[in-house]
Number of protein chains: 2
Amino acid sequence: MSGFRSHMDRALEEARAAASRGEVPVGAVVVGPDGRVVAAAGNRTRELSDPTAHAEVLALRAACAAAGSERLPGHDLYVTLEPCPMCAGAISFARIARVYYGAEDPKSGGVAHGARVFSHSQCHHAPEVYDGIGAAEAARLLKGFFEGRRDG
Amino acid sequence: MSGFRSHMDRALEEARAAASRGEVPVGAVVVGPDGRVVAAAGNRTRELSDPTAHAEVLALRAACAAAGSERLPGHDLYVTLEPCPMCAGAISFARIARVYYGAEDPKSGGVAHGARVFSHSQCHHAPEVYDGIGAAEAARLLKGFFEGRRDG
């Protein structure tokens, strides 16, 4: 299995774990320049009463804390869903080199939709972006979660 | 002194305290529906090795933790500088009612410039926005900080 697919599988595991905690199932992984996972997280906004506790923000904060730096040059981020504007901003500030994301998010995304945070001169570092990796499974998890919530 | 000016003065105090810690001098205050300050913070990205530790995010996280909720309906946020896209996203998720900001930020802002986070259908809650409050002092603090850094 290629590296980027196995990292997205790890992000999908985090998304499933988030769903099992009653959180929106999104997961993220930060990978260091040597290809090793340095942080992984799923959404915890409800558990932590923290609107900023998206998977990407939690993974970035953990990776930065471990590195002792607010910047992570040469690091990549894998996330199961297109980042929102908040997370896109955090990704830019952390100087993440590449973002791999799964499902697109036309409703709330901020990379390929809406605010398109990386596409303005006010964004001082834009990562390379690769979309659609593991998208079907990421979308299935989200669809199942929101359908279950409507039924519940 | 009217309420909104005194709240911005408190945010400016936080900005000055941030400068004294070697952080970019931006300060923020969250005010509850009864007009009382429920959280105040200045930038701590360097101290915390956390690229998300902008004044707004820290103030919102503290206010949410105190409220035990990821949403703060009826609350206002005062910040000395136009929020970036990350902070604008966090403000929207927290359901802040009104944002009062000081200096505009054509270089990195995400409210009136660039990503204009509140101006897209992907943003599901847009606060009322009031700009230019205490702007001269906020801009003076930032200018002094960056000039000092160039000299140092």
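Residues are numbered from 1 along each chain as its sequence is written, while chains are lettered from A and ligands numbered from 1 in the order in which they are written. In this predicted model, local features need pLDDT of at least 70, side-chain atom pairs count only at pLDDT 80 or more, and totals for chains, interfaces and linings use all residues; side-chain values use heavy atoms, with hydrogens and water left out.

View 1. Look for A:C84 in the loop between β3 (76-81) and α4 (85-93) of chain A, and for A:C87 in helix α4. Helices (H or I, at least four residues) and strands (E, at least two) are DSSP runs, numbered from the N terminus. A:C84 counts as buried at 8% relative accessibility, and A:C87 is buried at 0%; buried means under 20% relative accessible area, exposed over 50% and partly exposed in between (1.4 Å probe, protein chains only). Beyond neighbours within four places in sequence, A:C87 is in contact (heavy atoms within 4.5 Å) with A:H54, A:E56 and A:V57. On the same terms, the contacts of A:C84 include A:H54, A:E56 and, from the other chain, B:F93.

**View 2. Where chain A meets chain B.** Here 33 residues of chain A are in contact with 33 residues of chain B. Together the chains bury about 2,500 Å², 63% of it on carbon and sulfur atoms; this is the accessible area (1.4 Å probe) that two parts lose on being put together, summed over both. In chain A, the residues that lose the most area to chain B are A:P51, A:E70 and A:Q122, together 24% of what that side buries.

**View 3. A salt bridge across the interface.** The rule, a side-chain nitrogen of Lys or Arg within 4 Å of a carboxyl oxygen of Asp or Glu, finds two salt bridges between chain A and chain B. A:D50 forms a salt bridge with B:R61, their closest N and O atoms being 2.9 Å apart.
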